[in-house]
Amino acid sequence: MTRPAILAPASMPSLVIDQLASRYEVIELADAEDRAATVRECAGRVRAVVTQGTLIDREFLQALPNLQIVANFGVGYDMVDASAAAELGILVTNTPDVLNEEVADTTIGLLLMTIRQLSRAERFLRAGLWSGESFPLSPTSLQGRRVGLVGMGRIGEAIARRLQSFGVELSYHARHRRTHLPYAYFDDLLALAAEVDTLVVIVPGGEQTHHLINQPVLAALGQQGILINVARGSVVDEAALIDALHNGVILSAGLDVFEHEPDVPQALIDMDHVVLLPHVGSASRPTRNAMSQLVVDNVVSWFEHGKPLTPVAETPHSAQ
Ligand code: NAP
Ligand code: 8YV
């Protein structure tokens, strides 16, 4: 029997490619001289796609008539049209849970870096300025802050657990109340923003959350406001944020994600009081390896046992 063919439209970790290549035929588009010709040549035999950060839309899915599974590297799968996949009978998997603690750790780091201006302080030391003067006091502190989480899912809960031990007041917004949690729930995001002075955003990207954090939310957060975004760039109206930072509508922001990665607006780069990270929420070797393994395990489990391990919500139960 011929081995299933697996298509990788974008560069994938070698842990994924090497393991899959030991069992199946793997076609990497990153290596192809003519991508379109390569897709046309292999289209009929492709039964799985492994992907990260590249658009997998209806047109792409329809071009692969025997495709059964799209295995996404990452818990966020906003680049994959999972509803179209479900309609076409293609299942989609992601990599939940294995990165919760890492992303939560990064979020706390980013929050502290932002509030206490730690990257600015390091730049000051490295520039040799310490011998001449002391680094200015940070204008604010984490202590006494009221923190609102936008999103209280797997990662949100892990962030909240950490924040509890810092003694800050915690509340959250999501579409549904999580009844087992002790934090104050706001069904209205504007009301949450008005109640707190720090927002930590950890919802999925996509149409439903596009520009959820907009000018009115930033205005409600107020002049002492700190915005931390570890979700997706699309969740924050970047132009409104830049405007709010310029005009003192909020105090500062810590961003791990941007609307048009890897492009970061020069206006943000020029601001010394914000903290900007290159999407490193889960980016440690052990966590990325665990994510890679889950991509492989989903594909293998599907082909060997007819069951994916971590299908996304859109995948019909009959395929799970
Ligand atoms: P999750 O368990 O599905 O949690 C998502 C949370 O967002 C839930 O509380 C959900 O609650 C809420 N939510 C969803 N849609 C919403 C909406 N329209 N309005 C308000 N709240 C909404 O997901 P997770 O595993 O925690 O991951 C969350 C996201 O983090 C991922 O999708 C990804 O985009 C991002 N992420 C980023 C990094 C990074 O490197 N920066 C790493 C990992 C993940 P309701 O359903 O009740 O609304
Ligand atoms: C990854 C992420 O950096 O899991 C996610 O949703 O954003 C990150 O863990 C990304 O998916 C890799 O492309």
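## Where the two domains meet

A salt bridge here means a side-chain nitrogen of Lys or Arg within 4 Å of a carboxyl oxygen of Asp or Glu. By that rule, one salt bridge crosses the interface of domain 1 and domain 2 in this predicted model. Asp 78 pairs up with Arg 232 in a salt bridge, and their closest N and O atoms are 3.0 Å apart. On the side of domain 1 that touches domain 2, you'll find two nonpolar residues, two polar ones and one charged. Between the two domains, three residue pairs are in polar contact.

As for who is who, domain 1 covers 5–96 + 286–305, while domain 2 takes in 100–276. Their C-alpha centres sit 33 Å apart. Five residues of domain 1 make contact with six residues of domain 2. Together the domains bury about 450 Å², with carbon and sulfur atoms giving 50% of that. Asp 78, Pro 96 and Thr 287 provide 71% of the area that domain 1 buries against domain 2, more than any other three residues.

## Around the ligand

Now for ligand 1, which has 26 residues around it; the closest are Met 152, Arg 154, Arg 175, His 176 and Asp 256. Sorted by class, that shell holds twelve nonpolar, ten polar and four charged residues.

Some of the protein's atoms come up to oxygen atoms of the ligand. Arg 154 has a backbone N or O atom 2.9 Å from one, and Gly 281 has a backbone N or O atom 3.4 Å from one. With His 279, a polar side-chain atom lies 3.3 Å from a ligand oxygen. On its own, ligand 1 would expose 920 Å², and the protein buries 88% of that.

How values were computed
Residues numbered from 1 in each chain as written. Chains lettered and ligands numbered in written order. Predicted model: local features only at pLDDT ≥ 70, side-chain atom pairs only at ≥ 80, totals over all residues. Heavy atoms only, no water. Near = heavy atom within 4 Å. Polar contact = N/O pair within 3.5 Å; in protein donor to acceptor, adjacent residues only side chain to side chain. Areas by Shrake-Rupley, 256 points an atom, 1.4 Å probe, with all protein chains shown as cover. Nonpolar A, V, L, I, M, F, W, Y, C, P; charged D, E, K, R; others polar. Domains from an automatic or database assignment. Contact = heavy atoms within 4.5 Å. Buried area = accessible area lost by both parts, 1.4 Å probe.
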